[in-house]
Amino acid sequence: MKVQKHYVNKLLCLLILPLFCTLLSGCWDDRELSELGIASGSAYDWEDNQWKATYQLVNPSSGASGMGGGGGGSSSSPPFLTFTVKGKTIMEAIQRTNLTSVREMFTSHSRISILGESVARKGVNQLIDLFLRKQDARDTVYVFIAKGNAGKILDQLMQLTKNQGAGIQLMIEQESKLLSYYPSVRMFELAMALSSESGSAVIPEILLTGKEIMDETTETGRTDLPSRLALGRLAVLKGEKMVGWLSQKQAFGLTFLTSKIKMANISFATHPQTSDKIDGSFILQNSATSLRPIWVKDHYIMDVNIKGSGVLTEIGSVMDLNDRASISQMEKSIENYVLELVENSWQAVKQLNADVTGFAVKIHRSDRKRWKQIKKDKSWDTVFQEIEIRPHVSIKIERMGLSNKSFKSIEQN
Amino acid sequence: MLVVTTILPTAIVVLPEIIGSYAEQDSPLAISLSTLIGFGIAALVGTIIRYNNGASFLDWIGARSSPLLATLLGLLLLQYYLDTSATILREFVNFVKDTVLLNTPITVMTTLILVVTIYMVRQGIECIARVNSLVILLFLFFIPLYLFGLAGEMNVHRLLPIFDHSLSTITLASLTPTSWMSEVAILLFLAPYLKSPQKARLIGYMGLIFVFLMMMFSMITTMMVFGPQYLKLTTYPGFSTVGIIQIGRFVENLDILFISYWVLAIYLKFSIFLFATVECFKQTFRVKSSRPFIGALGLVIAMECLFTWTDPAKLNMYNREGRFLVFMVFNVLLPLAVLLINGRRQAKSKRKGCET
Amino acid sequence: MKKKQQASSKKVPDPEETSVPAPLQLNASLEANLQEISKRIGQSSDVVFRRFTNESLSSLSLAFIYIDGLVNSEIINRNLLQPLMETFTLKSDSIATEAAFSMIKDQMLPVGGVKEGQTVESLLGLLFEGYTLILFDGIQKALAADTAGWEKRSINEPTSQGVIRGPKEGFTESLRTGTSMLRRRLKTSDLRIEEYKIGQRTQTGVALVYLDGLASESVLTEIRRRLNSINTDSILESNYIEEFIQDGGLTPFPTIQNTERPDAIAGGILEGQVGIIIDGTPFALLAPSTFFNFFQSSEDYYQRYDISSFLRLIRYSAFFVSMLLPALYIAVTTFHQEMLPTTLLISLAAQREGVPLPALAEALLMELTFDVLREAGVRMPRTIGPAISIVGALVLGQAAVQAGLVSAAMVIVVSFTAISNFVIPSLAIANSIRLIRFVMMLVAASLGLFGIMSFLIVLLIHMAGLRSFGVPYLSPLAPMTPRYLKDIFIRVPLWDMTTRPMTNLGKETRRQASNQKPKPAEDQQQDQQGGDSS
C-alpha cells in the first residue's frame with residue numbers, strides 16, 4: 001500500500017508539472033505595465049449617426065504625475081495624449097483605437113466621462129449600460145456634460161496637475177464640498193437616479209473659459225492661461241434624454257432642495273431695510289433639508305424645511321455684532337435669500353417638468369397607496385406639475401468670526 | 001462553523017439578485033422567512049443525528065431498514081451531490097471568469113480548482129475544518145473595512161417602504177434562499193466526524209443564525225447604497241458595492257481584495273461538498289478507503305461542469321426555479337421520511353419490547 | 001562529508017542492552033589482550049600503551065591503555081599511576097589476581113567513574129570516550145577509569161541568536177557542558193537526562209532532556225522509538241537527527257526547533273517540550289514544535305510585554321511580507337492594475353518603460369541575485385566581507401536600475417522581502433519561506449491573485465494537516481483553544497500566564513498562582529484585610 005501510494009504521488013506530481021508549464025507559457029490574462037494605455041478620461045459624442053469616442057491616455061514617460069506646471073524642468077512630451085475614434089457602437093469605437101494606438105486601452109483608472117450634448121439629447125442609456133456591464137469600465141467615474149463637442153475638452157492641459165482626468169475629478173469634488181452649487185455625479189449615481197421613481201437626473205457642465213484650446217505644453221508655460229477648464233451650468237435629464245439647463249443660481253437652489261449642501265457661501269444684504277447692497281458673506285457649515293409631502297384636496301404640497309448654521313466671514317457695512325437684533329436681521333436676510341433661491345429653482349424645474357428634486361421617491365416612501373395609484377395611472381407628470389412647495393428656512397449664525405465689530409464701524413470718517 | 005461555509009459563499013453571490021428582483025425592498029423579510037424554515041430543517045437533521053448518534057448515515061439506514069433501501073438512497077443522494085458539486089464548481093468558475101480573469105480558458109481553471117480541492121479532501125475533514133475556522137476569523141477583518149468604506153454612501157431611507165409587496169411575492173422570493181438554507185442537511189454526512197453528535201441540532205442552528213446575519217448584513221448594506229431598482233441590474237451586487245469604496249485618495253477598487261477572500265471561502269465550500277460526495281460514495285458502495293476514488297469523482301464533476309452548464313442563462317434559471325424542488329426533495333423530504341420510518345420502527349420495537 | 005548509509009549487521013546498543021552479538025571475551029593473558037587491541041586499533045600514534053608491575057601486588061602485570069589527547073594526563077599520572085605504582089600495601093607475597101583486582105577497583109583508585117569490562121568491544125568504546133583501560137594479567141576482566149579531558153571551546157556568546165537583554169551563554173560542542181548548563185538552570189529533581197549513542201562510526205552522544213511528569217508520555221515514547229530506529233553511519237550535527245526523526249516526509253515546514261541558547265531549551269522544557277542535545281554541535285533540538293513556536297524568541301520574555309507584543313506582530317507581518325510581497329507585486333502589476341492608486345500606477349509604468357524583461361523574469365532575476373549575494377556573504381572571509389556586501393547590495397542594485405535592467409520598485413520590493421526574512425527568529429522557517437516564495441511568484445505570474453489564493457489554501461491545508469509528534473502544527477489556532485492564545489500573537493504580561501501552552505498535549509498544569517498582578521502597597525493591604533475578614 002505504501003509503495004502504491006508512493007507511485008500515485010509520483011504520478012500526480014508528473015501530471016501537475018506540465019500543468020504548471022502550460023500555465024507559465026500561456027498566461028492569458030496578464031498585461032505588462034508597459035503594454036497599458038492608462039486612460040484617465042473619456043468623452044463621447046454623437047456625430048453623423050455614429051458614436052465618436054475620445055480617450056485621454058496618460059503618457060508615463062513624461063514624469064510621474066504630480067505638481068509641477070510649466071517651467072524649464074518640464075519635459076517636452078505632453079503628459080497625456082488623446083485618441084479620437086468613430087464607430088457604430090461605443091465598443092466598436094473603443095476597439096478601433098487598436099488601429100492607431102500602440103498600447104492596449106486600460107480604462108480602469110478612468111476618472112471622468114464627458115458626454116457631449118448630442119449624446120445627452122439622443123439618450124444615455126446605451127452608454128450607461130456599457131459602463132455597468134463592462135468589467136473594467138468603472139462605474140465610479142464622474143460624469144459631465146459639455147456643450148457642443150466633448151472631445152475638445154479632453155485636449156486641454158491643466159496647470160498644477162499633469163493628469164487631466166484626475167484634475168477634473170478633484171475640481172468637482174472640491175466644488176461639491178466647498179461650494180455646493182453642483183452635485184458630483186458618478187456614473188452609478190446617474191444610473192440610480194434615472195432608474196428610480198423620479199426618473200430624472202442632473203449632470204454638471206464643464207466648459208472652456210476661453211476660445212482657444214491649450215493643448216501644447218509650451219502654451220501652458222505661462223502664469224495666466226487665457227483659457228481654462230471650468231464648471232458651467234447644470235444639465236437636466238429626464239428619462240434618458242436631456243431636456244434643459246439650469247443656471248448657477250437655479251442649481252444652487254436645487255442643491256438646497258435635494259439636501260446635498262455640504263458647505264456653501266451665501267452673500268446677502270446686511271441691512272435689508274435700508275439698502276439692497278449685498279455686502280455681507282456667510283459660510284453655511286451645516287445644513288439639512290427635510291421634505292414632507294402632504295396631500296391636500298387634489299394636489300401635493302411639499303413641506304420643505306431647511307435648517308442651517310454657519311459663521312460670518314465678511315461684513316461691508318456698519319454693524320455691531322453684539323447686538324442681538326442686528327444678528328437676527330442678518331439671519332432674516334439670509335433666509336430670504338435662500339427662499340428666493342429655492343423658489344427660483346423650483347420654477348425652473350417645474351418648467352422643465354423633470355423631477356430632479358426626488359419628490360417621487362419621497363412620495364413613494366411616505367404615501368404608498370397613492371403612489372401605486374399614480375403609477376398605475378401613469379399620471380406622475382401632471383401630479384408633479386401641480387405640486388406646490390412650502391419652504392421654511394431657518395438659519396442660525398453661530399459664530400461671528402474673529403472680530404466683533406465690522407471694520408467700517410470703527411473707521412473715523 | 002462548517003455549516004456557514006457550506007451555505008454562505010454561493011449564497012452571497014447568487015441570491016441577492018434573485019431575491020431583489022422579486023422582493024426589492026422587502027428582501028430582508030424574505031431572508032428572515034427562509035431562515036425560519038431553515039431552522040425547521042436543521043431541527044429535523046439534528047434529530048436524526050441524535051438518534052443515530054453519529055453513525056454514518058447510510059449504514060444506519062441500512063441497519064434500520066433493508067440494505068437495498070440504503071443503496072437506493074445512496075445512489076440518489078450520490079447523484080444529487082454530484083450535481084450540486086458540479087453547479088458549485090460552475091458558479092465558482094463563472095464568477096472568477098467574470099470578475100477577475102477574463103481570458104483564461106475554463107478548462108485550465110477547472111483543472112486547477114479540482115487539483116487543489118482533491119488535495120484538500122485527501123487531507124481529511126479535520127484539516128478542512130481547521131482552515132475553515134481560520135478563514136472565518138479573517139472575515140472579522142473585512143467587515144470593518146466594508147462598513148468604514150461604505151459609511152458615506154449608505155442611506156437608510158432607501159430601505160423604505162417596507163411591506164410594499166404582497167406576502168405571496170415575499171414567499172416567492174424566499175423560496176430560493178430556503179433551498180440554500182436546506183444545505184444544512186450536509187450535516188447528515190458530516191455526522192460521523194462531529195465531536196459531539198448530540199449537539200448537532202445546536203450546531204445547525206448556530207450556523208444558520210450566522211448565515212442569516214451575514215445575508216442580512218450584505219443585503220441591507222447593498223440596498224442602502226444602491227437602492228432597490230439598481231440592484232436588479234447588477235449580477236453580483238455585493239461585489240459591486242465593494243467596488244465603490246473609496247477611502248482617501250489611494251484606496252479604491254477593493255473588490256479584488258474581497259473577491260480573493262471569497263475565493264478562499266468557495267474553495268472550502270467546494271471541498272466540503274466533494275467530501276460529502278465521497279462519503280456518500282463510500283457508504284453506498286461500501287468501499288473502505290476512498291483515496292483512489294476522490295480523483296475519479298472529481299473528474300466526473302469536472303466533466304459535468306464543463307459540458308452541462310455551458311450556458312449561464314440555464315444556470316440562472318435553474319437557480320431561480322429548479323433548485324428549490326431538487327433541494328426540497330433531498331434535503332427535507334428525505335430526512336423527514338427517514339425520521340418517520342425510524343419513528344415507526346422505534347414504536348414497533350417498543351411494542352415488541354413490551355410484549356416480550 | 002557524505003557517507004553512504006551502510007546496512008550493518010551490528011545493532012546500535014540500547015541503554016538497556018549491554019551485550020553485543022558475538023563479542024570477544026578478554027583473554028586471561030595480558031599479552032594476548034594487548035595484541036588483540038593493538039590489532040584492532042592499528043598503529044595510531046596517539047594510543048599509549050603503558051605497562052608496569054607492582055611489586056607489592058605480587059608482581060601483578062598491568063597495562064594502561066589510553067588515547068593521548070582524549071585524556072587528562074594529570075589525572076592519569078596522579079590518580080592512576082601514582083597509587084598503583086607507589087603503594088606498598090600488602091605484606092603478604094601472594095595475592096590472587098582476583099583479590100587484587102577487586103582491591104584495586106574498590107580501594108586504590110581515587111577516580112570517580114570506574115567501570116568494569118569483559119568484552120573487547122565495550123572496552124574499545126570506553127577507550128574512545130577518554131577512559132583509561134587497565135588490563136590485568138590473569139583475569140578476564142578489565143577496568144576502565146574515567147579520565148576524560150580534552151580541549152573544549154569555552155562558553156561564549158551564541159553566534160546565531162543573540163539578544164540584547166538576557167543571558168549570553170551558548171552551548172558548546174561538548175555534551176556534558178550542555179547538560180551542565182541545563183542543570184544549572186533547572187535545579188529540580190524532575191530533570192531527566194537520557195543518553196543515547198547514535199551513529200555507527202561516530203557513536204555520537206545524544207541526550208534527551210525533559211522534566212518528568214511535565215513532558216507528555218506519548219511524545220517521549222515516540223521520540224525514543226524514533227531515536228532508536230536511526231540506523232546510520234554518522235551523526236555529525238543535529239540536523240542529521242532532525243531529518244531522521246521529523247514528521248512529514250516532504251513538507252517544507254520544519255517541525256523541530258533548533259537553538260543555540262540554553263535558556264531557550266530550558267524555557268521549552270519548562271513548557272513541556274523535550275530537548276535533544278547532541279555532542280559535537282552547539283545546536284540543540286526541541287520537539288514537538290508548533291508553527292507558532294518558531295516565532296517566539298527568548299528575548300520576548302526578557303523585555304516588557306508591550307514591546308514584545310509589538311515585535312511579535314512585526315514578526316508575523318514579516319512572515320507574510322517575505323512570503324507574499326514579490327508575488328503580490330507581480331500579481332498586482334500584471335493582472336490587477338486597477339487596485340493601485342493612479343499616481344502610483346503612473347510612476348510604476350514610467351519606471352518600467354525601458355525595462356526589457358517581464359515582471360516575473362525581473363523578479364526572479366533579482367531574487368536569485370540576492371540569494372547569491374547572501375550565500376557569498378556567509379562564506380566570505382571576515383576581512384573583505386562587509387566591503388563586498390556593500391558593493392553587492394547597493395552598487396549592484398543601483399547600477400542595475402540605472403542601466404535599465406530592472407526597475408527601482410522591484411529593487412525595493414526584493415530588498416524589503418529579504419530584510420523581512422531576517423526578522424524571523426528561527427532560521428529554519430525563514431529558509432522554508434525563501435523556497436515557498438519562489439513558487440508563489442510563479443503561481444502569481446500565471447494566474448494573479450486567484451493563483452496566490454489557491455496556493456495559499458493549499459499551504460494552509462498542508463499546515464493544518466501536519467503534526468509534530470502528535471501535536472497539530474497550527475495549534476492553538478487551528479483547533480481553536482482560546483486559553484492558549486496568550487503567548488502567540490501578543491505576549492500577555494507574565495503575571496497573567498497561569499497555565500502552560502499546549503505542546504505537552506493537554507497536561508495543563510498551573511504554573512503560577514493567579515492574581516499575581518502587581519498592585520500598590522495600600523491596595524494589597526486592603527486585599528489582605530478583605531481576605532482576613534471574609
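How many bridges join strand β12 (residues 299-315) of chain A to β13(A)? Keep that in mind as we walk through the model; the answer comes at the sheet.

**Before you start**

This is a predicted model: local features need pLDDT of at least 70 and side-chain atom pairs count only at pLDDT 80 or more, while totals for chains, interfaces and linings use all residues. Residues are numbered from 1 along each chain as its sequence is written, and chains are lettered from A and ligands numbered from 1 in the order in which they are written.

**Stop 1: chain A as a whole**

Select chain A. Its secondary structure comes to 12 helices and 13 strands; these are DSSP runs, helices being H or I with at least four residues and strands E with at least two, numbered from the N terminus.

**Stop 2: an enclosed helix**

Now pick residues 187-195 of chain A, which form helix α6. Nine of its nine residues are buried, so the helix is largely enclosed by the rest of the structure. Among them are M187(A), F188(A), E189(A) and S195(A).

**Stop 3: two domains of chain A**

Colour 33-246 as domain 1 and 248-413 as domain 2; such bounds come from an automatic or database domain assignment. The centres of the two domains of chain A, taken over C-alpha atoms, are separated by 32 Å. The contact between them takes 22 residues from domain 1 and 22 residues from domain 2, where contact means C-beta atoms, placed from the backbone, within 7 Å. On the domain 1 side, α5 (164-178), β7 (200-208), β8 (229-238) and β9 (241-246) of chain A each give two or more residues. The largest share, four residues, comes from β8(A).

**Stop 4: the four-stranded sheet**

Next, show β10, β11, β12 and β13 of chain A: in that order they make an open sheet with mixed pairing. Two strands pair if DSSP finds at least two bridges between them. At the edges stand β10 (264-268) and β13 (388-399) of chain A, each with a single partner strand, so one side of each has no neighbour in the sheet. From one strand to the next, the twist averages 40°.

Here is the answer to the opening question: 11 bridges join β12(A) to β13(A), and the two run parallel. To see one pairing, select S309(A), whose bridge partner in β13(A) is K396(A).

**Stop 5: where chain C meets its neighbours**

Show chain C beside chain A. Their contact takes 24 residues from chain A and 22 residues from chain C. On the chain A side, α1 (2-25) and β1 (36-47) each give two or more residues.

Turn to chain B, where 22 residues are in contact with 21 residues of chain C. Here α5 (106-123), α6 (125-150) and α12 (255-285) of chain B each give two or more.

**Last stop: confidence in chain B**

Chain B averages 68, and 42% of the residues score at least 70. Among its elements, helix α1 (residues 2-23) has the lowest mean (53) and α5(B) the highest (79). Where pLDDT is low, the predicted coordinates should not be read in detail.

Technical notes:
Contact = placed C-beta atoms within 7 Å. Buried ≥ 20, exposed ≤ 12 C-beta atoms within 10 Å, placed from the backbone. pLDDT = per-residue confidence, 0-100. Axes fitted to C-alpha atoms, helices over the stretch in contact; angles between N-to-C directions.
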